[in-house]
Amino acid sequence: DTGVSQDPRHKITKRGQNVTFRCDPISEHNRLYWYRQTLGQGPEFLTYFQNEAQLEKSRLLSDRFSAERPKGSFSTLEIQRTEQGDSAMYLCASSFPDRGPTGELFFGEGSRLTVL
Amino acid sequence: KQEVTQIPAALSVPEGENLVLNCSFTDSAIYNLQWFRQDPGKGLTSLLLIQSSQREQTSGRLNASLDKSSGRSTLYIAASQPGDSATYLCAVHSNTGGFKTIFGAGTRLFVKA
């Protein structure tokens with residue numbers, strides 16, 4: 001296992017289309033997180049899962065966004081009816097909270113979304 | 001509400017110089033603090049994780065300190081190299097008002113050969 005894997009790395013879509021991103025965490029990690037990052041800013045928390053349970057969602061996660069982790073392994077983040085403001089890097093991270101409530105976060109390479 | 005600030009926003013130094021990056025946070029009720037490195041267009045690479053009960057962590061040429069009471073952390077890079085050029089981000093993990101990981105905007109470091 002080489003780390004957190006995200007797919008696709010880049011996605012260009014037209015406004016109004018739906019897009020889906022996939023994240024495969026480090027295999028023994030039971031926590032999985034989604035973040036969004038825009039140019040020049042730090043990542044912003046979107047949501048996180050412990051196993052298959054989605055435990056928290058940010059206010060940033062509008063009704064057009066949905067995340068799932070059906071079997072407690074990989075996760076998908078779907079954005080419906082994309083808007084230009086959704087253009088960003090979507091980052092996935094995983095952790096095994098063996099050192100405190102959060103553990104050390106390990107990130108994937110991200111999925112860059114461009115909405116035309 | 002937790003806020004994380006990183007100063008300076010950008011830094012350019014000659015190769016071989018020792019340097020310090022700063023991270024400050026407003027709410028001292030944190031679980032831990034993590035420093036990351038990010039290369040352009042890439043994800044984040046974990047550098048150091050400091051638990052709230054710890055004062056510092058070291059890894060190679062990197063040393064991170066934490067002063068919870070004053071809401072500060074520093075990342076010290078010794079003998080900087082051009083390969084250290086990247087954006088350095090600090091993240092504060094807290095549970096105030098629900099799970100929160102708050103990132104600073106980062107410090108863009110350029111090490112000149």
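Guide: Start in chain B, with B:Asp84. This residue sits in the loop between β8 (72-77) and β9 (86-94) of that chain. The model is a predicted one. B:Asp84 has a relative accessible area of 7%. Buried means under 20%, so B:Asp84 counts as buried. Its side chain makes a polar contact of 2.8 Å with the side chain of B:Arg61. Leaving out residues up to four places away in sequence, B:Asp84 touches B:Arg61, B:Arg37, B:Ile77, B:Leu109 and B:Val111.

Now to the interface. Chain B gives 22 residues to the contact and chain A gives 23. About 1,800 Å² is buried between the two chains, with 57% of that from carbon and sulfur atoms. Polar contacts, however, join four residue pairs between the chains, both residues at pLDDT 80 or more. On chain B's side, the elements that give two or more residues are β4 (30-38), β5 (44-51), β9 and β10 (100-103). β4(B) has the largest share, five residues. By type, that side of chain B divides into 12 polar, eight nonpolar and two charged residues.

Cross over to chain A. A:Gln37 belongs to strand β4 (residues 31-37) there. At 9% relative accessibility, A:Gln37 is buried. The side chains of A:Gln37 and B:Gln38 are joined by a polar contact of 2.8 Å. Beyond its neighbours within four places in sequence, A:Gln37 also contacts B:Leu44 and B:Leu89. Within chain A, its contacts include A:Pro43, A:Met89 and A:Leu91.

Conventions: Residues are numbered from 1 along each chain as its sequence is written. Chains are lettered from A and ligands numbered from 1 in the order in which they are written. This is a predicted model: local features need pLDDT of at least 70, side-chain atom pairs count only at pLDDT 80 or more; totals for chains, interfaces and linings use all residues. Side-chain values use heavy atoms; hydrogens and water are left out. Helices (H or I, at least four residues) and strands (E, at least two) are DSSP runs, numbered from the N terminus. Buried means under 20% relative accessible area, exposed over 50%, partly exposed in between (1.4 Å probe, protein chains only). A polar contact is a pair of N or O atoms within 3.5 Å; within protein, one must be able to donate a hydrogen and the other to accept it, and residues adjacent in sequence count only if both atoms are side-chain atoms. Contact means heavy atoms within 4.5 Å. Buried area is the accessible area (1.4 Å probe) that two parts lose on being put together, summed over both. Ala, Val, Leu, Ile, Met, Phe, Trp, Tyr, Cys and Pro count as nonpolar, Asp, Glu, Lys and Arg as charged, and the others, Gly among them, as polar.
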